[in-house]
Amino acid sequence: MCEKGSQCYEKYKEWENNEEIKIFREYLRIPTVHPDVNYDDCVAFLKRQAENLSLPVRVIEDYPGKPIVVMSWEGTEPSQKSIVLNSHMDVVPVYPERWTHGPFSAEMDSEGRIYARGSQDMKCVGMQFLAAIRSLKHDSVRLKRTIHVTFVPDEETGGKLGMKEWVHRESFTNLNCGFVIDEGIAAPGDEFQLFYGERSVWHVYFHISGTPGHGSLLLKGTAGEKARYIIDKLMDMRRVEEKKLQDNPHWTIGDVTSINITKFSGGVQGNVVPPELIIGFDIRVAVDVDHTMLENQLQEWCREAGGGIEIHYEEKLPYVPATILDESNHYWQAFKAALNGLGIKVKPQIFPGGTDGQYIREVGIPVVGFSPMNNTPVLLHDNDEFLSADVYLKGIDIYKNIILNVCNS
């Protein structure tokens with residue numbers, strides 16, 4: 001609790017009465033939560049926001065129940081490449097009993113912490129984009145480049161019927177996009193995090209066949225023996241990647257390949273050796289790894305284990321080059337100049353998870369992932385996810401400067 005008495009109360013009332021905070025909290029209260037997301041209320045809310053901003057809005061629904069909302073602010077030179085400000089509408093599931101505040105209540109405590117699923121990931125960003133535009137329009141600013149603010153579905157489940165497909169459709173191509181700003185992650189310290197690339201997500205399943213029989217025997221070539229071999233090889237590789245990370249203090253998890261066992265299934269009874277076991281791995285392939293060599297290594301380990309192993313890929317994203325952050329990228333130069341003008345320090349890095357930015361980079365468009373949240377614990381997908389009101393409002397000013405610079409570059 002705040003110990004400053006009336007000063008805290010006055011600050012709380014200031015936050016509570018702030019129009020941008022009100023809009024943010026209203027958005028957070030719309031439970032666009034998996035599974036079986038219903039986006040109807042969210043789309044209606046976004047249409048109202050577009051109307052309030054006097055921005056034309058379109059709803060693209062190539063797949064039923066998977067709407068994409070696009071608001072556009074035409075620039076003074078609309079033939080120039082546009083800037084896309086992207087966010088996703090959906091949020092991950094919650095365990096309500098583990099929250100101290102209702103996960104879709106958007107309650108704000110005396111310190112200004114706004115609790116809700118999506119407060120960090122990433123409903124904040126979508127509303128900050130609109131708030132920044134509102135401020136620019138209030139200041140009678142006209143931008144050279146057209147802005148498209150996009151709200152997409154199902155990013156949290158891989159974007160398969162959202163951005164992944166949309167980037168290949170005419171409705172996206174017609175945006176004439178030159179540069180995209182997408183989501184980042186909160187930063188616990190003063191320095192902000194900025195992301196320019198992503199590891200490739202591989203969800204790999206080894207279907208391991210072996211000799212079945214009675215559990216009292218020492219049978220040769222059992223699925224269990226082969227499974228152990230595969231596990232040992234991949235866990236050895238995991239240890240090598242862990243050491244790389246430990247030995248390089250400037251590296252983050254995005255600089256190495258992560259490997260984790262996520263599923264293990266098979267067998268029917270305690271005294272029966274099963275004819276098949278299935279092991280699932282979540283592998284996030286670092287950007288400097290040759291995909292063909294890695295795939296060949298997995299196949300070789302299957303042969304060494306004794307054969308009879310099939311590899312199935314539930315997800316196998318290709319190598320996608322990271323966004324170049326140097327003088328050749330004039331969008332980045334404008335972005336960086338805005339940060340420098342605000343005295344903001346950022347740490348460019350590879351995103352540890354996956355975002356829709358990977359699909360946009362895949363079609364050759366540079367993307368930067370940046371959520372202006374510093375001095376904030378990383379709580380995406382966590383219980384009691386929150387974002388402080390003052391951090392949220394500061395982020396609006398940061399985006400305002402970035403948008404102004406990038407759209408006039």
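**Figure 1. Helix 2 and helix 11 are roughly perpendicular to each other in this predicted model.** The angle between the two helices is about 105 degrees, and angles from 65 to 115 degrees count as roughly perpendicular. The axes of helix 2 (residues 19–28) and helix 11 (residues 389–407) lie 11 Å apart. Helix 2 makes the contact through Glu20, Ile21 and Phe24, and helix 11 makes it through Ala389, Tyr392, Leu393 and Ile396. By class, the residues of this contact comprise six nonpolar, no polar and one charged. Two packed helices are described by the angle between their axes and by the distance between those axes.

**Figure 2. The largest cavity has a volume of about 90 Å³.** Thirteen residues line this cavity, and those closest to its centre are Glu198, Arg199, Pro318, Val320 and Gln358. Strand 8 (192–198) and helix 10 (357–362) are the elements that give two or more residues to the lining. Helix 10 gives the most, with four residues. The lining of the largest cavity is made up of six nonpolar, three polar and four charged residues. The model has four cavities of 30 Å³ or more. Empty space of this kind is shown by rolling a probe the size of a water molecule over the atoms.

**Figure 3. The largest pocket has a volume of about 470 Å³.** Its lining consists of 25 residues. Nearest the centre of the largest pocket lie Glu155, Glu156, Arg284, Gly353 and Gly354. At least two lining residues come from strand 9 (200–209), and at least two come from helix 10. Sorted by class, the lining of the largest pocket has eight nonpolar, nine polar and eight charged residues. Helix 10 also gives four residues to the lining of the largest cavity.

**Figure 4. The second largest pocket has a volume of about 170 Å³.** Residues of its lining include Pro321, Ala322, Thr323 and Ile324, as well as Ser328, Asn329 and Tyr331. Arg361, Gly364, Ile365 and Pro366 also belong to the lining of the second largest pocket. The classes are six nonpolar, four polar and one charged.

**Figure 5. Cis peptide bonds join His34 to Pro35 and Asp121 to Met122.** For the bond between His34 and Pro35, omega is about 0 degrees. Pro35 sits in the loop between helix 2 and helix 3 (40–52). For the bond between Asp121 and Met122, omega is about -20 degrees. Met122 is in the loop between strand 5 (113–115) and helix 4 (123–138). Most peptide bonds are trans.

**Figure 6. Ser54 and Asp384 have positive phi values.** Most residues other than glycine have a negative phi. Phi of Ser54 is near 55 degrees, and phi of Asp384 is about 55 degrees. Ser54 lies in the loop between helix 3 and strand 1 (57–60). Asp384 lies in the loop between strand 16 (367–369) and strand 17 (386–388). Ser54 counts as exposed because its relative accessibility is 60%, with exposed meaning over 50%. Asp384 counts as buried because its relative accessible area is 17%, with buried meaning under 20%.

**Figure 7. Leu218 is an exposed residue in a loop.** The loop runs between strand 10 (213–214) and helix 7 (223–247). Leu218 has a relative accessibility of 85%, so this residue counts as exposed. Leu218 and Val273 are 55 residues apart along the chain. The C-alpha atoms of Leu218 and Val273 are separated by 10.0 Å.

**Figure 8. Glu97 is an exposed residue in the loop between strand 3 (82–88) and strand 4 (107–108).** The relative accessible area of Glu97 is 61%. Along the chain, Glu97 and Gly126 are 29 residues apart. Their C-alpha atoms are separated by 28 Å.

Technical notes. Residues numbered from 1 in each chain as written. Predicted model: local features only at pLDDT ≥ 70, side-chain atom pairs only at ≥ 80, totals over all residues. Heavy atoms only, no water. 1 Å grid on protein atoms, 1.4 Å probe; cavity = no way out; pocket = protein on both sides within 12 Å on 5 of 7 lines; lining within 4 Å. Points joined across faces, edges and corners; volume = space filled by probe spheres on them. Nonpolar A, V, L, I, M, F, W, Y, C, P; charged D, E, K, R; others polar. Buried < 20%, exposed > 50% of the residue type's maximum accessible area, 1.4 Å probe, protein only. Axes fitted to C-alpha atoms, helices over the stretch in contact; angles between N-to-C directions. Parallel < 35°, antiparallel > 145°, perpendicular 65-115°, else oblique. Contact = heavy atoms within 4.5 Å.
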